Amino acid sequence: MRERESRNGGVIGVSDHGGWAVLVTAARDGRLLDRRRVELVGEGLPAIPHHSEGRRLPLDEAVELVERVRMSAERHAGLALDGVAKAVPGILGVALRECPELPPTIAERIKDYRAQNVADWVMYRHAIAGAAEARGWPVHWYDSRKVLDSAAESLRVKDLDAHFAKLRKAIGPPWDNDYKLAMAAAIAAGNGLAE
């Protein structure tokens with residue numbers, strides 16, 4: 001959904017999940033430019049193959065399944081970013097949640113309980129990061145525990161919740177925690193506070 005156009009462009013903040021993400025594009029001054037929920041995996045493919053389906057398959061089949069989902073995620077991430085770029089000229093970058101360290105191979109991630117619990121989310125973040133970099137957009141990595149404070153600092157507001165409540169009243173739903181987090185990340189990255 002297109003909200004408002006900006007001559008100066010904006011940063012796309014991302015709040016990702018297993019197979020989908022919320023993208024919120026904001027100008028450096030905090031104006032909402034665009035918001036949308038996007039699918040990051042094709043129909044018929046599992047959203048969390050490392051964590052769920054991959055554990056029930058022989059290892060070679062699980063690795064092949066994760067590869068198919070990864071390729072789908074990369075394709076869908078590119079389509080999602082192209083959609084935002086059409087709605088908001090002048091994208092200045094993308095802000096993504098930091099990724100935990102993982103074992104280097106898919107097989108190792110599937111075998112490692114801790115890794116299989118986060119590997120799918122990391123896969124989707126890397127797909128979006130790769131799509132952003134392919135378009136020449138910088139990628140900013142944010143700490144979800146600190147980004148709300150960074151956005152409040154950028155906007156010079158004491159109560160970011162009150163600020164977001166006013167915004168929600170003006171624009172209507174959807175406006176849940178994913179949208180807030182993604183917008184905070186976009187604002188912080190646009191002002192150099194996300195990294």
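Student: How much accessible surface does the chain have, and what share of it belongs to carbon and sulfur atoms?

Tutor: One takes the total area and then divides it by atom type. In this predicted model, the accessible surface of the chain is about 9700 Å², and carbon and sulfur atoms account for 50% of that area.

Student: What percentage of the residues is buried?

Tutor: A residue counts as buried when its relative accessible area is under 20%. Of the 195 residues in the chain, 51% are buried.

Student: Which secondary-structure elements does the chain have, and what pattern do they follow?

Tutor: One counts the elements and then reads their order. The chain has six helices and five strands, and along the sequence they run β-β-β-α-β-α-α-β-α-α-α.

Student: What share of the contacts joins residues at least 24 apart?

Tutor: The share is taken among contacts between residues at least 6 apart in sequence. In this chain, 71% of those contacts join residues at least 24 apart.

Student: How many aromatic pairs does a search of the whole structure find?

Tutor: The search finds two. Planes over 60 degrees apart count as edge-to-face. The ring centres of Phe-164 and Trp-175 are 5.7 Å apart and their planes meet at 70 degrees, so this pair is edge-to-face. Phe-164 belongs to helix 5 (residues 160-171), whereas Trp-175 lies in the loop between helix 5 and helix 6 (177-190), eleven residues apart.

Student: Are Phe-164 and Trp-175 buried or exposed?

Tutor: Relative accessibility decides the matter. Phe-164, at 1%, counts as buried, and Trp-175 is buried with a relative accessible area of 7%.

Student: What is the geometry of the aromatic pair formed by Trp-175 and Tyr-179?

Tutor: That pair is tilted, with 6.0 Å from centre to centre and 35 degrees between the planes. Tyr-179 is buried, as is Trp-175.

Student: Which residue lies over the face of Trp-20?

Tutor: Here one looks for a charge above a ring. Arg-37 lies over the face of Trp-20, 3.9 Å from the ring centre.

Note on methods. Residues are numbered from 1 along each chain as its sequence is written. This is a predicted model: local features need pLDDT of at least 70, side-chain atom pairs count only at pLDDT 80 or more; totals for chains, interfaces and linings use all residues. Side-chain values use heavy atoms; hydrogens and water are left out. Rings of Phe, Tyr and Trp (its six-membered ring) pair if their centres lie within 6.5 Å; planes under 30 degrees apart count as stacked, over 60 as edge-to-face and the rest as tilted. Helices (H or I, at least four residues) and strands (E, at least two) are DSSP runs, numbered from the N terminus. Buried means under 20% relative accessible area, exposed over 50%, partly exposed in between (1.4 Å probe, protein chains only). A charge sits over a ring if NZ of Lys or CZ of Arg is within 6 Å of the ring centre and within 35 degrees of the ring normal. Contact means heavy atoms within 4.5 Å. Accessible areas come from the Shrake-Rupley method with a 1.4 Å probe; for residues, only the protein chains shown count as cover.
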